[in-house]
Amino acid sequence: MTAVDWTRMPVSLLGGRPGHPDPLVTSLLDHPVTDPASALAWARTVDAVPGSGETRQLWEALATAAAIDLGAARAMEPHLDAIAILAQAEHGVPAGEETWGVYAAEGGEPLRAHKQGDSWIVTGTKQWCSLAGSLDLALVSATRDDDRRGLFAVALRGPGVQVEEGSWHARGLAEIPSGPVHFTDVSATPIGEPGWYLERPGFSWGGMAVAACWYGGAVGLARSVFSAASSGKPFLLMHLGAIDELLESGRRALAEGAALVDSGEASGARGRLLTKRVRATVARAVEETLTRVGHALGPAPLALDKAHSKRVADLELYVRQHHAEKDQAALGETLLRSDAPPW
């Protein structure tokens, strides 16, 4: 079998291998994305947002980047999410030429937003702020004086912003430090009304975009098994077949999700249920693929292949954004609250 240049191979959410990738994926492949800086440079050229008719192509681009390097995909995904959030805001908010992050995880004492005259300031600590030391701006969630949760745009390079260095000890996604950021009376611009960030349809869509990155990372690992399986060894072939079965379930879930987003059928309760199902399906496929790849290839690539060992460590950390049994319980609760039986 002729050796395949996987760095030039798109990841398709359509059945079968595409003869000609979509322009968005082609532009990604023509712009090497092997680190956060190159990934963000490419992401700044993208104006496609979910729900615009290009959702599948956008998720294919994220999956293609992730199959090459998960760190690159992890850098570009929040920037693209921020662009989509700003576009969904009332009257739309220009994103400009800057790079963006989205910091909306909650844990511990929440970041606080206070009104000062006609302006807003945020004060406190925000956890899980990926690449805060390298980005220009971010969308942050904060609790207002009336205890309602709002979304605010803040500059990350101005006074009052302190990125806590040295707190990121992860072996996976080591190039995406995601530690705390301390804000002291930092000027903030409200985006949408209180609660809008969580209620907007795009909140669910962003969760599926992350799953597209997980899927692409698993495809990158599966390609190593595919290459090794040319030896014809029975157990390698068995694992390859099982991995294909797993990845097909993830691909179908993402393809259906993208189609429903673009058709306008993924908003409200239906969109939230769809996202939980898609993420659960992809996470299960990714976790089982990680196990199968380890069984198929053994310890050698983990010890001797830098790209492979990085991909495994990156994916093991990244997929933990799915909260396992906790998210399965949330899916079950959502089903019980539905107006009709789910099946």
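Colleague: How much space lies in the largest cavity?

Modeller: This is a predicted model. A search of the whole structure finds one cavity of 30 Å³ or more. The space in the largest cavity is about 40 Å³.

Colleague: Which element gives the largest share of the lining of the largest cavity?

Modeller: Ser141, Arg149, Gly150, Leu151, Gly195, Tyr197 and Leu198 line the largest cavity. By class, the lining has three nonpolar, three polar and one charged residues. With three residues, the largest share comes from β5.

Colleague: Turning to the open spaces, which element gives the most to the lining of the largest pocket?

Modeller: The largest pocket holds about 1,600 Å³ of space. Elements that give two or more residues to its lining are α4, β1 (100–103), α5, α6 (202–228), α8 (268–297), α10 (306–318) and α11 (325–336). The most, six residues, is given by α6.

Colleague: Which residues of that lining lie nearest the centre of the largest pocket?

Modeller: The lining divides into 22 nonpolar, 12 polar and 12 charged residues. Of the 46 lining residues, those nearest the centre are Ala105, Phe203, Arg279, Gln321 and His323.

Colleague: At what angle do the axes of α2 and α4 cross?

Modeller: Two packed helices are described by the angle and the distance between their axes. For helix α2 (residues 36–43) and helix α4 (residues 70–88), the axes come within 8 Å. The crossing of α2 and α4 is right-handed, and the angle is roughly 35 degrees.

Colleague: How many nonpolar, polar and charged residues does the contact of α2 with α4 have?

Modeller: From α2, the residues in contact are Pro36, Ala39, Leu40, Trp42 and Ala43. In α4, they meet Ala72, Ala75, Met76, His79 and Leu80. By class, the contact has nine nonpolar, one polar and no charged residues.

Colleague: How far apart in sequence are the parts that the pair of Arg8 and Asp30 ties together?

Modeller: The count of salt bridges comes to 19. Arg8 forms a salt bridge with Asp30, their closest N and O atoms being 3.2 Å apart. Arg8 lies in the segment before α1 (23–30) and Asp30 in helix α1, so the pair ties together parts whose separation in sequence is 22 residues.

How values were computed: Residues are numbered from 1 along each chain as its sequence is written. This is a predicted model: local features need pLDDT of at least 70, side-chain atom pairs count only at pLDDT 80 or more; totals for chains, interfaces and linings use all residues. Side-chain values use heavy atoms; hydrogens and water are left out. Axes are lines fitted to C-alpha atoms, for helices over the stretch in contact, and angles run from 0 to 180 degrees between N-to-C directions. Helices (H or I, at least four residues) and strands (E, at least two) are DSSP runs, numbered from the N terminus. A crossing is left-handed if the near helix is turned anticlockwise from the far one by less than a right angle, and right-handed if clockwise. Contact means heavy atoms within 4.5 Å. Ala, Val, Leu, Ile, Met, Phe, Trp, Tyr, Cys and Pro count as nonpolar, Asp, Glu, Lys and Arg as charged, and the others, Gly among them, as polar. On a 1 Å grid over the protein atoms alone, a cavity is a set of points where a 1.4 Å probe fits but cannot get out, and a pocket is an open set with protein on both sides within 12 Å along at least five of seven lines; lining residues have an atom within 4 Å of a point. Grid points are joined across faces, edges and corners, and a volume is the space filled by probe spheres set on the points. A salt bridge is a side-chain nitrogen of Lys or Arg within 4 Å of a carboxyl oxygen of Asp or Glu.
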